[in-house]
Amino acid sequence: MSPVSVRKRPHIFDWTTVASEIGAMAIDHQGNVTVPLSVSFGQTSKLSHVLAVSDEDGYVNLFDTQKKFLASASNQENSDRAQIGDWIAHQNAIFDICWIKDDSKILTASGDQTIRLWDVQERKCTGVLMGHKGSVKSLCPHASNSDIVVSGSRDGSFIIWDLRCNHATTSPRGELRIVSNSIVQGAHLPRKHNRRKRGKAASMSITSVLHLKDEVSLATAGAVDSIIKFWDTRNLKSQVTHACPHPESTTENDRRLYGVSSLSQDSNGVFLTASCMDNRIYLYNILQLEKGPIKSFSGSRIESFYVKAAISPDANQIVSGSSDGNAYVWQVDNPDVGPISLNSHAGEVTAVAWSESVSNKLATCSDDFTVRVWSIQSSYQPNNSKPPSAIRRRVTAMPTDECEKQLTGPEEEISTKHVEYERGPSSPAITEPIVRTPEGQKKKALISFDLEEGFKGTNTATAASPSSVLSPPSSVKRTIRDYFLVSSST
């Protein structure tokens, strides 16, 4: 039988992202609203639905995001419904918060120049980390050993802490003082001529710190410029390498300096994002830093260092706050496609966080005194914008069974995803904060049953860090120092 010509069925698809708001919660204490500053989901599957929020008044707030939020309810009613509990952690703003120890502990970084370690169930401070001489802006635990923590401060230093190293003395409240393991001063100083020109106005604040997944390397960023520095914790005398989105100019005055507001990495540690004050988020491949950013994402307004961005654990999406009152989500594989807008907030959107265990679930906080939880669903959708003639082509006919495979195969491979979201100037002298529970909050003295249940079966830490190209077997383990020459400059 002679071959005949047939038309191939068209399969033209666009990547479509749809966002839906799960619920909004007001941050309120005894009738007084306050601005949330940091958000973090529980890191284990048992407590992945619990959202920790720190605020400007020094409180830690815990919310159950699995609660059913009613569209007719107010933000305050939703907050009352979802709240597990809260307590005063510092008598100053808390700029960062993170879960450690299988979510049995929480670390808080504050404007009072201290970091505090909290037992979540008891709501008791079990240690205070003292050593910074400015507000503590950022925290990050080690990838596989949460006893090791790095912090960055407005004083320009970053410190590596070992929570097992307790000082012999205690605070007046009986809290153990934890001593620093290593400290690097002036990690992000402005250039000398800029220091002379700008004087004391030149900021040296560290805005963000990260423990990389190779387990020995750190990344730090500062407010003075967009340079990201990488360090080997075994030798902190100088940085290993650095990355910058802006090429060096032959004329220094031609190059405008932008600070970085936040850093983030995916769960495998391959990619790193930097949200920059030039209103862009830059994406780096850790093993190709010498090439500069591989992609950049624009659309948000990053006009303050409170505005943060974060890459999703699976490295598929990036979310960023914005000074225009919206949050924005980009597809990593489609940086040229405009982001979708999360536009329910009524003030600058600052901190953002992805759930580690629940796919495509994230939280945003804003100066409008609320925290909102979102579900981001992505799928392929047919693109019918082109006329049929533009997508037709002729092929030679083949036997019936093979023809059916050719025609039906793509439909089976490209299918819409259905995701279930419900499962699954310098700082004042240091004074010891008073940790207390307001009278009105004593009725919330116990963590709810749901949270207690979450702790069951999570007493042992994960045996190994997430699989990563930066974490091969120990016999062939390499660190960032193995990929880059040591820089002679600091």
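Q: Contact means heavy atoms within 4.5 Å. With which residues is L263 in contact, leaving aside its neighbours within four places in sequence?

A: The residues touching L263 are S208, L210, A219, T220, A221, I228, L272, T273 and A274, once neighbours within four places in sequence are left aside. This is a predicted model, in which local features need pLDDT of at least 70 and side-chain atom pairs count only at pLDDT 80 or more, while totals for chains, interfaces and linings use all residues. Residues are numbered from 1 along each chain as its sequence is written, and side-chain values use heavy atoms, with hydrogens and water left out.

Q: How many residues has the largest nonpolar core, and which have the most contacts inside it?

A: A nonpolar core is a set of buried Ala, Val, Leu, Ile, Met, Phe, Trp, Tyr and Cys residues joined through side-chain atoms within 4.5 Å. Buried means under 20% relative accessible area, exposed means over 50%, and partly exposed lies in between (1.4 Å probe, protein chains only). Here the largest core has 28 residues, and F158, A219, I228, F230, L263, L272 and Y284 have the most contacts inside it. Two or more residues each come from β14 (148-153), β15 (158-170), β17 (206-211), β18 (217-222), β19 (228-232), β21 (260-265), β22 (271-276) and β23 (280-285). Another core, of 16 residues, lies apart from this one and includes I27, V39, A351 and V373.

Q: Where is G156 found in terms of strands, and which residues does G156 touch beyond four places in sequence?

A: Strands (E, at least two residues) and helices (H or I, at least four) are DSSP runs, numbered from the N terminus. G156 belongs to the loop between β14 and β15. Its relative accessibility is 0%, so G156 counts as buried. Beyond four places in sequence, G156 touches V184, Q185, G186, A187, H188, M204, S205 and I206. The C-alpha atoms of G156 and Q185 are 6.2 Å apart, although 29 residues separate the two in sequence.

Q: In which loop is S226 found, and is S226 buried or exposed?

A: The loop between β18 and β19 holds S226. With a relative accessible area of 4%, S226 is buried. Residues up to four places away in sequence aside, S226 touches A243, C244, P245, H246, Y258, V260 and C276.

Q: How many disulfides does the count come to?

A: A disulfide is a covalent bond between the sulfur atoms of two cysteines. The rule applied is a pair of cysteine sulfur atoms within 2.5 Å, and the count by this rule is zero. C276, for instance, is in no disulfide, since its nearest cysteine sulfur, that of C244, is 7.8 Å away. C276 counts as buried at 1% relative accessibility, whereas C165, at 32%, counts as partly exposed.

Q: How many aromatic pairs does a search of the whole structure find?

A: A pair of aromatic rings is described by the distance of the centres and the angle of the planes. Rings of Phe, Tyr and Trp (its six-membered ring) pair if their centres lie within 6.5 Å; planes under 30 degrees apart count as stacked, over 60 as edge-to-face and the rest as tilted. The search finds five pairs in the whole structure. In one of them, Y328 and W330 have ring centres 6.4 Å apart and planes at 40°, so this pair is tilted.

Q: Which residue lies over the face of F95?

A: A charge sits over a ring if NZ of Lys or CZ of Arg is within 6 Å of the ring centre and within 35 degrees of the ring normal. K137 takes this place over F95, at 3.8 Å from the ring centre.

Q: What value has phi of A315, and where is A315 placed?

A: Phi of A315 is near 65°, which is positive in a residue other than glycine. A315 is in the loop between β25 (309-311) and β26 (317-320), and at 13% relative accessibility A315 counts as buried. K101, also not a glycine, has a positive phi of about 55°. K101 lies in the loop between β9 (94-100) and β10 (105-110) and is partly exposed, with a relative accessible area of 32%.
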